[in-house]
Amino acid sequence: MKLSTLIAGAALALAATAANAAWPDHPVRIVVPYPPGGAVDAVTRKVAQQLTLQTGQTFIVDNKAGATGTIGAGQVVHAQADGYTLMANDTTYTTLPFIFQSLSWDPRTALTPVSAFMFAPMAVAVRKESPFHTLQGLLAAARAQPGKVTFGTGGIGTTPHFATEAMAQASHTTLMHVPFKGAGEATVAVLSGTVDFQIASTPGVIAQVQNGTMRLLAISGEERLKALPDVPTFRQAGLDDEGVINFTGLWAPKGTPMAVQQRLQAEVAKAMASPDMQRFAATLGADPRAVAGEDFQRMVAQRQKVWEAVSRQINLQKQ
């Protein structure tokens, strides 16, 4: 090989390394594939503010809702893999392989899990006037009238949908699913009495609980939340659960340079440790910690195994 070719190759490699090290040197777009107002949107906006403060570059949240998050995710899949277009999503992204067969990209491989940054229990929420005051009371009504007790979600295949179906299986009940366009709409449906209950992550409903318009019957996880000490866990309420803890995280297009991923992971970890983020998470009943790289990838794979089993048990037909 000619010396000139070697020199040119080395120069290009050095230039690429320098560019990656300088990331971010212009605004970063974070696509949230859901409508504004939901839990993913709220926590992502807070993280974006913190990342902006830390890096001196603007992190912009861009809501691109529709089709269980696949419209927004698809935009990120086809974006340039340079770290300037990212996706924020929650555990729902791990359900996509089991509800779609017509996507032009593979949800398992098209995006790279970079860092999870917020963890929160799933909660059974009812409106203040609901006749259901305990989880067992709700399940008893469902057994007495199969298919009459209704639950709302942000769509077929979302984490709340799969989590509620898992609860129905564990309790030997039949529930009626009413899907909406987003978790926020499902919450409005519960508050209005259109549906009987929803399972949602605590950040999505804690404000309504605190203002007295909603009540929680149970939460997932091993311990009660300090922010909601009167709400029992599923096991304390008499029902085993899958231990589903909803996580929110950042994904990048496949091929995003490792140097960029590592810088982003470091900034996310720093953001989660900040006093402001710690206080914010406490108000949501959430745990602000960073799980990055291979650890995040293993967590995604583990959750996919659980959802695959649920999808088979409920005979979910792929779209």
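**Notes on the predicted model**

1. The protein is divided into domain 1 (28-119 + 245-314) and domain 2 (121-237), with bounds that come from an automatic or database domain assignment. This is a predicted model, in which local features need pLDDT of at least 70 and side-chain atom pairs count only at pLDDT 80 or more, while totals for chains, interfaces and linings use all residues. Residues are numbered from 1 along each chain as its sequence is written, and side-chain values use heavy atoms, with hydrogens and water left out.

2. The centres of domain 1 and domain 2, taken over C-alpha atoms, are separated by 24 Å. Across the boundary, 19 residues of domain 1 are in contact with 24 residues of domain 2, where contact means heavy atoms within 4.5 Å.

3. The largest nonpolar core has 49 residues, and Val124, Leu135, Leu138, Met167 and Phe197 touch the most other members. Such a core is a set of buried Ala, Val, Leu, Ile, Met, Phe, Trp, Tyr and Cys residues joined through side-chain atoms within 4.5 Å; buried means under 20% relative accessible area, exposed over 50%, and partly exposed in between (1.4 Å probe, protein chains only). Elements that each supply at least two residues include α3 (70-77), β4 (111-127), α5 (159-171) and α10 (293-313); helices (H or I, at least four residues) and strands (E, at least two) are DSSP runs, numbered from the N terminus. Because domain 1 and domain 2 both give residues to this core, it lies between them.

4. Helices α5 and α10 pack at an angle of about 65°, with their axes 10 Å apart. Axes are lines fitted to C-alpha atoms, for helices over the stretch in contact, and angles run from 0 to 180 degrees between N-to-C directions. On the side of α5, the contact is made by Thr159, Phe162, Ala163, Glu165, Ala166 and Gln169, and on that of α10 by Trp307, Val310, Ser311 and Gln313.

5. Helix α3 is mostly covered, with 6 of its 8 residues buried. These are Thr70, Gly72, Ala73, Gly74, Val76 and Val77. Their cover includes β1 (28-32), β3 (85-90), β4 and β9.

6. The loop between β2 (59-63) and α3 holds Ala67 and also Thr68. Ala67 has a positive phi of about 55° although it is not a glycine, and the phi of Thr68 is likewise positive, near 55°. Ala67 is partly exposed, with a relative accessible area of 41%, whereas Thr68 counts as buried at 16%.

7. Val268, in helix α8 (residues 258-273), counts as buried because its relative accessibility is 0%. Not counting residues up to four places away in sequence, Val268 touches Leu51, Ser115, Ala116, Phe117, Leu250 and Ala290. Val268 and Leu53 are 215 residues apart in sequence and 12 Å apart in space, C-alpha to C-alpha.

8. A cis peptide bond, with omega of about -5°, joins Trp23 and Pro24. Pro24 lies in the loop between α1 (3-21) and β1.
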